[in-house]
Every structure is written in C-alpha cells, then in structure tokens.
Amino acid sequence: MTVHGEREIVPSVGRAEAAKVLKAFTDGYNEGYRKLDPAVIARVETGALAEIGKADLAAQSVQTPGGNPKYPSLVLDDARFAIPAQAGWPKFFLADTRSNRDANRWLVVFTRYGVKEPWKAAYLSIVSPGKVPEFTTGKDGHAEAVPTAAGKDHGLMADPGKVSAAYTDFLRTGKGSFVPGPRTTGLREERDKVRRTATFWTEFIDTPEKAPAFPAPALRTKGGGALVFFTAHHREKRTMAEGLRPAVTDPRTKALLKGELKRSVTYTRVSEAAVEVPPRDADGGMINFLNRIDTMTAAQGE
C-alpha cells in the first residue's frame with residue numbers, strides 16, 4: 001500500500017533516518033567550514049541558518065584564503081528526536097543534541113519541502129539543559145506539530161506564523177507580550193543609547209519573515225503551550241555627523257563590507273530564535289525567549 005505524505009498524517013521521518021539526517025548535517029557542516037565552500041553548506045542548511053553560514057564562510061575566506069583544514073569538528077550526539085506526524089509539506093522534526101562545543105543542548109530543526117527534496121537544517125538554538133521544554137507526545141511517541149493552516153485553531157496566545165511580526169513590532173514600538181530580558185527590553189535599551197549621539201545617529205528597520213522561505217515550525221509542549229522557531233531580518237544604518245567618516249575595525253565586518261565609507265554604513269543582520277508561546281488562556285502569559293542568534297550578514301558603506 002502506498003502512503004501519500006502530502007495527504008495522510010504520517011511521521012515526518014523515521015528515527016533511523018533522522019539519525020542519518022543529523023550525521024549528514026554535521027558532516028556537511030564540518031566539510032563546508034574546512035573548505036570554506038558555500039556550496040557544501042547550501043546542501044545541508046536552509047533559511048536563516050544558511051544565510052549565517054554563507055556570511056561566515058565569506059568572512060573567513062577573506063581572513064583565511066585557501067580554506068581552514070584545521071577547523072575543529074563539530075560533534076552532535078546523544079540525540080533525542082521530536083518527530084511530529086504531519087500531512088502536507090513542508091515537514092519538519094527536531095533533534096535535541098549534545099555538542100562538543102559547550103555544556104548546552106543544541107536544538108536543530110530540519111525541514112523538507114517535498115518527497116524529492118533533501119532534509120536541511122533550518123534553525124539552530126543553544127539552550128541550557130534544564131531549559132529544554134517537554135514536548136507533548138501521543139501514544140505512538142510522536143510529537144505534536146502546532147497547526148499553521150488558515151482556519152486551524154492553534155490554542156496559543158500568538159499564531160506561530162505571526163510571532164516574527166509581533167517581535168519586530170515590539171522592537172519598534174515596545175508594545176507586545178514578551179518577557180523582559182536582553183533580547184526584548186534590553187535590546188530596545190541598547191538601541192536607544194545609539195539612536196542619536198554627538199558623533200552619529202542610527203536608524204533601525206526590522207523585517208518579519210514567514211513561510212515558505214522562513215517557516216515557523218512549532219511543537220506543542222506539556223501544559224498546552226508551544227516551542228516556536230522563527231526568523232527576522234534587521235538593518236541598522238549609522239550616519240556620522242558632518243565632517244566625520246565611519247570607521248570599521250572588526251575583522252568580520254571589514255571582510256563583508258561593500259562600497260565606500262564616506263558618511264554612513266548599513267549593517268544587515270539575520271536573527272533566528274526559539275521562544276516559548278503560552279496557551280491562549282494562560283493568565284498573564286508572555287512569549288519567552290529561550291535562545292536568539294543574531295548575526296551580521298552584510299555591511300554597506302556610503
């Protein structure tokens with residue numbers, strides 16, 4: 001009997017295959033960073049993670065021409081897979097892993113856009129071991145994906161597909177239900193310090209992202225909430241006072257810099273985050289950041 005993954009609700013991947021996908025990712029990641037070859041990274045990463053990888057390799061290629069054969073291997077083991085049963089595409093699953101880089105858990109979300117398409121890593125979040133949420137599972141052991149289709153009731157305080165827009169609105173206005181902290185109120189305070197100074201002023205533009213290029217996969221957690229992954233883009237234009245020229249000293253920024261530094265420089269950044277979204281009926285519930293990785297991907301002088 002043929003099972004059609006585009007119509008039937010089936011596990012997004014088998015556990016044995018999920019382990020192979022994780023290994024293929026780490027193998028490709030290590031090869032890409034040793035050869036500094038963006039084509040290798042493109043085979044195993046997508047979305048925000050691919051943007052970060054491409055910028056990393058571009059910067060390192062300037063600093064280390066010819067590759068970096070001594071790049072230390074990334075090892076992800078002790079994998080615990082959260083595999084939802086889904087119909088339609090894209091499909092996703094989560095690998096909760098141990099890393100040889102630090103004592104945290106590395107959560108890698110893999111997505112696949114069709115039966116003939118490869119699995120690729122779309123999100124990476126680094127979370128303290130005690131902070132990884134417990135996922136709701138059925139009798140078959142499969143995790144529960146939060147519905148994102150129009151008309152489906154997700155039962156959450158915020159639609160997973162709209163969390164990116166809610167976050168960028170918060171950065172702009174300060175309005176929204178986010179737990180105070182370094183990625184929310186703290187980031188706004190940091191920005192306020194540089195909006196206008198004696199030597200320069202700064203403009204910020206935050207752009208939300210959504211599927212299909214940047215899906216927001218979400219897994220139901222015990223208690224009725226969900227762990228949601230999302231992407232946003234950020235631009236920061238710094239303009240110098242009359243008679244002053246911007247200076248760039250950071251090696252990565254210098255490697256990615258285009259144009260000529262005359263009066264201003266615009267930094268483009270991508271952020272990918274993992275947040276806990278409470279159930280709709282939670283009293284005083286707020287969206288809580290577990291991790292946010294923010295990386296500069298381009299710099300333009302003018």
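D77 is partly exposed, because its relative accessible area is 31%. On this scale, buried means under 20% relative accessible area, exposed means over 50%, and partly exposed lies in between (1.4 Å probe, protein chains only). The model is predicted, so local features need pLDDT of at least 70 and side-chain atom pairs count only at pLDDT 80 or more, while totals for chains, interfaces and linings use all residues. Residues are numbered from 1 along each chain as its sequence is written, and side-chain values use heavy atoms, with hydrogens and water left out.

**Salt bridges**

The side chain of D77 meets that of R98 in a salt bridge, with 2.8 Å from N to O. A salt bridge is a side-chain nitrogen of Lys or Arg within 4 Å of a carboxyl oxygen of Asp or Glu. The pair links distant parts of the chain, with R98 in strand β4 (residues 91-99) and D77 in strand β2 (residues 76-82), 21 residues apart. Strands (E, at least two residues) and helices (H or I, at least four residues) are DSSP runs, numbered from the N terminus. R98 counts as partly exposed, because its relative accessibility is 42%.

R105 and D78 also meet through their side chains in a salt bridge. Here R105 lies in strand β5 (residues 105-112) and D78 in strand β2, 27 residues apart. R105 counts as buried, because its relative accessibility is 7%. D78, at 34% relative accessibility, counts as partly exposed. D96 is buried, with a relative accessible area of 7%.

| Pair | N to O distance |
|---|---|
| R98 and D77 | 2.8 Å |
| R105 and D78 | 2.8 Å |

D78, R80, D96 and R105 are linked in a network of salt bridges. The count of salt bridges comes to 18.

**The sheet**

Strands β2, β4 and β5 also belong to an open sheet of four strands, in the order β2-β4-β5-β6, with antiparallel pairing. β2 and β6 (120-127) stand at the edges with a single partner strand each, so one side of each is left without a neighbour in the sheet. Neighbouring strands of this sheet are turned by 25° against each other on average, direction ignored. Strands of a sheet pair through backbone hydrogen bonds, either parallel or antiparallel. Two strands are taken as paired if DSSP finds at least two bridges between them. β2 and β4 run antiparallel and are joined by five bridges. In this pairing D77 stands opposite R98 in β4.

Helix α1 packs on the sheet and touches β2, β4, β5 and β6, its direction making about 135° with that of β2. Axes are lines fitted to C-alpha atoms, for helices over the stretch in contact, and angles run from 0 to 180 degrees between N-to-C directions.

Strand β2 also contains A82. A82 is buried, because its relative accessible area is 7%. Leaving aside its neighbours within four places in sequence, A82 is in contact with F93, L94, F135, A143 and L219. Contact means heavy atoms within 4.5 Å. The C-alpha atoms of A82 and A145 are separated by 9.7 Å, although these residues are 63 residues apart along the chain.

**N30 in helix α1**

N30 is found in helix α1 (residues 15-35). N30 counts as buried, because its relative accessibility is 6%. Apart from its neighbours within four places in sequence, N30 is in contact with Y71, P72, S73 and L74. A polar atom of the N30 side chain lies 2.7 Å from the backbone nitrogen of L74.

In α4, the residues V163, S164, Y167, T168, F170 and L171 are buried. They lie on the same side of α4, because they cover an arc of only 155° around the axis. The arc is that of the directions from the helix axis to the C-beta atoms. The buried residues of α4 pack against α5, β7, β9, β11 (264-277) and β12. After α4 comes G174, whose phi is positive, near 80°.

Helix α5 (residues 185-194) has G186, L187, R188 and R191 as its buried residues. What covers them includes α4 (163-173), β7 (200-208), β9 (226-240) and β12 (288-301).

Technical notes
Polar contact = N/O pair within 3.5 Å; in protein donor to acceptor, adjacent residues only side chain to side chain.
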